[in-house]
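Subject: Handover of a structure

Dear colleague,

Please find below the structure that I am handing over to you. My notes on it follow directly after it.

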Amino acid sequence: MIFGRSERGKPPVEPVTLKILVAGGFGVGKTTLVGAVSEIRPLRTEELLTEAGRPVDDISGVEGKRTTTVAMDFGRITLREDLVLYLFGTPGQERFWFMWDELSEGALGAVVLADTRRLEDSFAAIDYFERRSIPFVVGVNCFEGAARYPTEDVRQALDLDVDVPLVLCDARDRESVKEVLIGVVRHAMAQAAERRQAAVTS
C-alpha cells in the first residue's frame, strides 16, 4: 500500500499516524469538531435522545440537542504529507465512560472541549487525562450567545495546571479546529521531550 505523495524519482512518504482523543461533557461539540475537520466521512454512532433518557441526560444549556454519541466518533486529518491524525470522539454521558479506557489506549494526547455555560461538565475529562498522564489541551468552544470570559478566568475556574494549554475555538470551523489539534501535537511532543530529558539527568 502506498502512503502519501512522492515526487518523480523519490520514494513515497509513509506518514506517521497519531491518535488524538476528543473528550468533554455532553453536548459540548465533540461530534461537530470531528466532522468539521475530517477529510473522510466521519464514522458516527449517534442515537436519538428519548424521553426515557431525560432523567440521566442533563440537557440544560443544550436544549436543542436531539442526538447523542453512544460509542465514538472517528475521523482523519492529514496535517502534512508525513503526519496523519486519527481522531476519536468519546461519548459524553457518564453511563458510557467505561469506553474511555479502550479509546485512550495508544493515544498521543487529547482535546478537552469546554462550554462556558457548563464548565463543570469538563471536570471529569480533565481529571481522567491528568490521572493517566495523557497530555491534553482545553479548547473552549465559543457557542453563539454564550458569555465570553478571559482565558485566565476560565483556566482558574477549571483549576488547570499552568502548563496545560487553553485556547478559544469554534468546533464548526475547520481552520480553528486544525489549530487546536496542532496545539495538542506540540504539547504532547514537548512533554515527551521533557520526560526524556528528565530520564537522562536523573
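A residue is called buried here when its relative accessible area is under 20%, and exposed when that area is over 50%; what falls in between is partly exposed. Please also bear in mind that this is a predicted model.

With that cut-off in hand, I begin with helix α4, which spans residues 151-158 and has V154, R155 and L158 as its buried residues. Viewed down the axis of α4, these buried residues fall within an arc of 100 degrees, so they line one face of the helix. The face turned away from that buried side carries E152 and Q156, which are exposed. On the buried side, the packing partners are α3 (123-131), β6 (136-141) and β7 (166-169).

The protein as a whole

The protein has five helices and seven strands. In sequence order they follow the pattern β-α-β-β-β-α-β-α-β-α-β-α. Of the 202 residues, 45% are buried. Among contacts with a separation of 6 or more, 70% are between residues 24 or more positions apart. The protein exposes about 11,400 Å², and carbon and sulfur atoms supply 52% of that area.

Strand β6 and its two partners

How many of the six residues of β6 are buried? Six of the six are, so the strand is largely enclosed by the rest of the structure. In a regular strand, side chains alternate between the two faces of the sheet. In β6, F136, V138 and V140 lie on one side, while V137, G139 and N141 lie on the other, and both faces are covered.

β6 pairs with β5 (109-114) in the parallel sense, over five bridges. Within this pairing, L113 has G139 of β6 as its bridge partner. Between the two strands the chain passes through α3, and this β-α-β crossover is right-handed.

β6 also runs parallel to β7, to which it is joined by four bridges. Here V140 stands opposite L168 of β7.

The loop between β5 and α3 contains R118. Is R118 buried or exposed? R118 has a relative accessible area of 7%, which is under the 20% cut-off, and therefore counts as buried. The side chain of R118 makes a polar contact with the side chain of D121, at 2.8 Å.

S133 has its place in the loop between α3 and β6. Its phi is near 55 degrees, which is a positive value in a residue other than glycine. With a relative accessible area of 56%, S133 is exposed.

D159 follows α4 and lies in the loop that leads from α4 to β7. D159 is not a glycine either, yet it has a positive phi of about 55 degrees. Its relative accessible area is 63%, so D159 counts as exposed.

Helix α2 covers residues 100-104 and includes D101. At 43% relative accessibility, D101 is partly exposed. Which residues does D101 contact, once its neighbours within four places in sequence are left aside? They are Y128 and R132. The contact with Y128 includes a polar contact between the two side chains, at 2.7 Å. As for R132, it stands 31 residues from D101 in sequence, and the C-alpha atoms of the two residues are 9.9 Å apart in space.

With kind regards

Notes:
Residues numbered from 1 in each chain as written. Predicted model: local features only at pLDDT ≥ 70, side-chain atom pairs only at ≥ 80, totals over all residues. Heavy atoms only, no water. Buried < 20%, exposed > 50% of the residue type's maximum accessible area, 1.4 Å probe, protein only. Contact = heavy atoms within 4.5 Å. Areas by Shrake-Rupley, 256 points an atom, 1.4 Å probe, with all protein chains shown as cover. Arc of directions from axis to C-beta. Polar contact = N/O pair within 3.5 Å; in protein donor to acceptor, adjacent residues only side chain to side chain. Pairing = 2+ DSSP bridges. Right-handed = clockwise from strand over helix to strand, strands pointing away.
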